[in-house]
Amino acid sequence: MAADTLFRRITDYASRPDPYPLYAELRESKVAPQDDGSYLVGTYHEITALLHDPRISSDRRHRSDPQEARLAGELAPSFIGVDDPEHDRLRRTAMRPFGPPHTPGRVDAMHGEIVRIADGLVAGLRDKQRIDVVDDFAYPLPVTVICRLLGVPQEDEPMFRGWSDAIVGGLDLNPDEDPTQRTQAATEARRAMGVYLGGLAEQRRGKPSDDLLSAFVNDQDPAGGLSQIELMVTSVLLLVAGHETTVNLITNGMLTLLRRPDQLDLLRREPALMPQAVEELLRFEPPVQMLPQRTPLVDVEVAGVTVPKGAPLVLVLASGSRDPRRFRDPDRFDPQRTDNQHLGFGSGVHSCFGAPLARLEAQIALTALLRDLDGLRLAEDPPPYRRSPVLRGPRHLVVEHDGLRA
Amino acid sequence: MSGELRDGRIVIVGASLAGLRAAETLRDEGFAGSLTLVGDEPHPPYDRPPLSKQVLLGRVPATATGLPARRPVDAQWKLGVAATGVDGIGRRVFLANGEELPFDRLLIATGTRARPWPNPAEAALDGVFALRTSDDAAGLAERLDAGPRRVLVIGAGFTGSEIASACRERDIPVTVVERGPAPLVGALGGTLAAVAAEMHRRHGVDLRCGVQVTSLEGDGRLTGARLSDGSTVEADVAVVALGAVRNTEWLAESGLAAGPRGVTCDAGCRAFNMYGIVTDDVFVAGDVARFPHPLFGYQLLALEHWGNAVAQAEVAAHNMVSAGPFRRPHLAVPTFWSSQFGHNIKSVGVPTYSDQVVVAQGSLREARLVVVYGYKGRITAAVSVNRAKWLDYYQNLIETAAPFPPEPGAADRTAPMIPLPSDVPDPAVLSHGPTVALTGHLPDRRLTLVRHGG
């Protein structure tokens, strides 16, 4: 019987290709207590309220389960895993070389380079009639971009791909499985990647160049800058978050469009619609399906249910973005939708730091694929999915095409 | 519904943010009749928030703040000509050039103008400015470019504080003279005003509170000012930032409930006449409107906020083309923001409608905080300094009339919350109006009166 609870069915790998009917079930109650003590929330208005509620912590060390709190405390959390004012200080420091107000043009200035990277990757598909959108395009694009942005040599990519897999594995939610081993593997990987990135940053001390690692060790920051540990933890976060999610956004986007040839044709004819289409993808098939690490600091009442202090609170963003009480006809993919305040990047103080870069990469990537490849069609539907129910996307997406356009 | 409401002649007096957004909404909602917009400035509608910020910093020319058109409005534009009166019975608007515009429905969106320096001869000195229009901003920006020796800012409300901030960012010496006890006190009360004073001083502003400028000195050109404490300030530029005056004089003979506090209207933006009877064909929106709000005891509010101008214009326009049961009330929770000395200040609700405040998140010392305002045990407003992303939470508490003080438990507030008096001064004793004006009476004054009576 227990195996039938909603949370187990959502996290069950068999649900990965289409979790949306389960989300509809979740929305029947605004707050769904699970038998493992966690609370799931899947309705738009309740999720947005909780994302702005200062009594909801992002720090797993506030969990009442002592084992969970201990595992979370083993390595310093990154700024997505801590609360204000610590979160605010770390995020602002990391933002200094990346975005407004100090570096407002950073992402925009990468436009040309991302176009060149995307065009280069598409050109490499010329002689392959069957391509894997993930391995041949959607993965290498953001990896190249984040490496250049951070200042990581791209030849090290195979090394950090292993670490990254382990870190993402730590986010897996399987209520039937003891998370200790996965969590420890993730912690190990974060530590190794942190040492590696910290070493790279150290090499740049006193030799400023135009990348974030260099800025972290060389720029004057009135907030005091980052300690050695903070530098490592923040760099790991940026490297992992900077590519794991964008791969899924691009791949989910291609899959969604290939399933809807009329919309694909529309975007091919009117590429100016692409920014709007990417927003709709973030609503319709978001790379981050849920935020699993929220915890109330006091008993918090949500839609008449008391979520106790210290309980795991899981905000299912992908469900909220398809809530019929917020969006008209929510299960329809409509690239021309204008009322589209989705939860794809979260909301509130932890709203996605890299959103402008993710948007730009997805817009450029999908534009390049649609423009250059003729007669695109899915070879396998549904495709095989990655394990994680949190960062959801196909592991492979095999498509066929009739060749490069002239 | 009623087809005739989609047709006929609509005149909008006031061609700024509220006027333009109303025109766009009328067309969006299917109004197919003739539309005329009247504006006394020669410029097409422009945005004002950048005038005291990016324009004074020299980043954007004053001519580049035009408002983007969200859709074509297919209107006749009468710019550079003021409206001088309304004949409510004959349904005509009179213009300064002698023209008469007949209408079936009228929208008044004439907004406010800068309160002028009371002595016209002193106000005429070269170097004395106000900051309300795009032309004002262009003139002042030019003087700042020339590198004045010192700028005198008279009044430390939001506009005065933003001007002082821009001057300091450009390394121009600046003296701010404020009649009240601290900057922003009229809009935010005593607690945050103390934070604002600290912000000014830390950025090198010569801030003088509790004094007034008694005269501006000069012979053709401004040379300085005398203050009520007997001191003097030498300055070659002075900016008069003493709040705003509502543009209602042209309505003196209109028979409408129009006066210095604005044009009174119902929750659906329909103007009242001088007998307190609601009109059917005259609507009001934006800074000039004075309207009742249920969240704030139905006190009449007059707001000088960008967001209010937009929201109220949309409601007014909708109601102009909708029959009775389909009309909507203007119930938006007021919000506004300011940017000064590198700090982002944002407000939801009406801070002046309060008797107590608490620091709910962060701390006064860090100048990164959320202050929550309450009136008689209910949350009525919240103001953040560099913490704007939390305000949605407090807006929800305001909308649901949640108890004050808010429940504890915020991650970044471990010390207990101690309510303090909100210390909102009576606007009558300030030399400039707060930007969130309760045009009835102050709630805490009423509280005092009740105690005396009991």
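**The A–B interface**

B:Arg368 and A:Asp88 form a salt bridge, with their closest N and O atoms 2.7 Å apart; the term requires a side-chain nitrogen of Lys or Arg within 4 Å of a carboxyl oxygen of Asp or Glu. Between chain A and chain B the count is 4 salt bridges. On the chain A side, helix α5 (residues 86-95) gives the largest share of what touches chain B, 3 residues; helices are DSSP runs of H or I, at least four residues, numbered from the N terminus.

Some ground rules. This is a predicted model, where local features need pLDDT of at least 70 and side-chain atom pairs count only at pLDDT 80 or more, while totals for chains, interfaces and linings use all residues. Residues are numbered from 1 along each chain as its sequence is written, chains are lettered from A and ligands numbered from 1 in the order written, and side-chain values use heavy atoms, without hydrogens and water.

In total, 16 residues of chain A are in contact with 15 of chain B, contact being heavy atoms within 4.5 Å. The two chains bury about 1,400 Å² between them, 58% of it on carbon and sulfur atoms; that is accessible area (1.4 Å probe) lost on being put together, summed over both parts. A:His52, A:Pro54 and A:Arg55 supply 41% of the area chain A buries there, more than any other three residues.

Now the helix pair. In α7(A) the residues A:Glu113, A:Ile114, A:Ile117, A:Ala118 and A:Leu121 meet A:Pro140, A:Leu141, A:Thr144, A:Val145 and A:Arg148 in α9(A).

Conventions: Helix = DSSP H or I, 4+ residues; strand = E, 2+ residues; numbered from the N terminus.
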